[in-house]
Amino acid sequence: FSEMLSMIEPTAGESVPFLYADLAYLELWIGAPDRAATNFDHSLRWVDDFGLREGDAIRHDFSGWRHFYEGAIDAAIADWAAAETVYAELDQRTWAIDMQQLQSWAQLINGGSDHKTISEATAEASRLGLRPFVARGAMLQAIAAESGELLRRALHLADSAGNRVWTYWCLWYGVHRALRSGRPADAKVLYRWAERYRRSIPLALPAALAAQDDQLREALGNLRAVRSGIEDADIQALSALIPD
């Protein structure tokens, strides 16, 4: 991103604000919030220079992620709702769906859910061919319905879309299901594989979920002691460990 910006910025191309925003999102994900804030300020400066209509949506979108990673779930939901409104007004359906799903995820973390919104957003993502959003929507539907069958489907969708982020989250939620179903051995295998995905992607665990992850680790005990299980797993084998 930095190299791209060094080439494009002198020409003042309209892609500059979006590149700065993408760089800022990446820095949030890898745990560099100060650098992220600086680059996002650059993005907004270019947004203003070009008079881009997406400015307010981009501002709320980024602010929602920042709040989410800080654990301020209600503030994240409010920001993503504001961003969704602007994206919808601009008829940018891809990003409106994105904001709907993110709100739904945050609401689930807060203990609530809106099944209708999750279902409608996922169906629209499917019609538009947005495979990563279909996978994420399927995962949200599985969590809301507490359905192992739906979670297994979401895991396959994420894997087929090549989306390691949502593959990781499907496995992580699968650990919860396995523990609640009294299957600690399966939970340990699922968690171990979730951690492999987590280490391979630049995704910091959001503060909103850090406490839950600590509880998982405590419940699973010493993961290093796990010797049995699937060593060279494919998604079909891992999904079989997620209980109904």
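Reader: Leaving aside its neighbours within four places in sequence, which residues is tyrosine 173 in contact with?

Author: Tyrosine 173 is in contact with Trp105, Ile109, Met139, Ile143, Leu151 and Leu209. Keep in mind that this is a predicted model.

Reader: What makes these count as contacts?

Author: Contact means heavy atoms within 4.5 Å. Tyrosine 173 meets that rule with residues such as Trp105 and Leu209.

Reader: Which residues touch the most other members of the largest nonpolar core?

Author: Trp105, Met139, Trp169 and Tyr173 do. The core has 69 residues. Helix α10 gives the largest share, ten residues. In general, nonpolar side chains of soluble globular proteins tend to be buried together.

Reader: How do you know that valine 189 is buried?

Author: The cut-off for buried is under 20% relative accessible area. Valine 189 has 5%, so it is buried. Its place is in helix α11. Its C-alpha atom is separated by 8.5 Å from that of valine 175, 14 residues apart along the chain.

Reader: Why is arginine 199 called exposed?

Author: Exposed means over 50%. Arginine 199 has a relative accessible area of 63%, so it is exposed. Arginine 199 is also found in α11.

Reader: Which residues of α11 are buried, and what covers them?

Author: Among the buried ones are Asp186, Leu190, Arg192, Trp193 and Tyr197. The cover includes α10, α12 and α13.

Reader: What about α12: how do you know that its span agrees?

Author: Helix α12 has 14 residues, 207-220. These should span 20 Å, and the end C-alpha atoms are 20 Å apart, so the values agree.

Reader: Which residues of α12 are buried?

Author: They are Ala208, Leu209, Asp213, Leu216 and Leu220. They cover an arc of only 95° around the axis, so they sit on the same side of α12. On the other side, Gln215 and Glu218 are exposed. What covers the buried residues includes α4, α5, α6, α10 and α11. Just after α12, glycine 221 takes a positive phi of about 75°.

Reader: How do you know that the span of α7 agrees?

Author: Its 13 residues, 115-127, should span 18 Å. The end C-alpha atoms are 18 Å apart, so this agrees. Just after α7 comes glycine 129, with a positive phi of about 75°.

Reader: What is the phi of aspartate 91, and where does this residue lie?

Author: Its phi is positive, about 60°, although aspartate 91 is not a glycine. Most residues other than glycine have a negative phi. Aspartate 91 lies in the loop between α5 and α6. The cut-off for exposed is over 50%. Aspartate 91 has a relative accessible area of 58%, so it is exposed.

Reader: Why does glutamate 146 count as exposed?

Author: Its relative accessibility is 56%, and the cut-off is over 50%, so it counts as exposed. Glutamate 146 has its place in the loop between α8 and α9. Its phi is near 50°, a positive value in a residue other than glycine.

Reader: What volume does the largest pocket have, and what lines it?

Author: The volume is about 740 Å³. The lining has 23 residues. Asp22, Tyr25, Trp65, Trp95 and Asp98 lie nearest the centre. Elements giving two or more residues to the lining are α2, α4, α6, α8 and α10. Helix α2 gives the most, with six residues.

Methods: Residues numbered from 1 in each chain as written. Predicted model: local features only at pLDDT ≥ 70, side-chain atom pairs only at ≥ 80, totals over all residues. Heavy atoms only, no water. Helix = DSSP H or I, 4+ residues; strand = E, 2+ residues; numbered from the N terminus. Expected span 1.5 Å × (residues − 1). Buried < 20%, exposed > 50% of the residue type's maximum accessible area, 1.4 Å probe, protein only. Arc of directions from axis to C-beta. Core = buried A, V, L, I, M, F, W, Y, C linked by side-chain atoms within 4.5 Å. 1 Å grid on protein atoms, 1.4 Å probe; cavity = no way out; pocket = protein on both sides within 12 Å on 5 of 7 lines; lining within 4 Å. Points joined across faces, edges and corners; volume = space filled by probe spheres on them.
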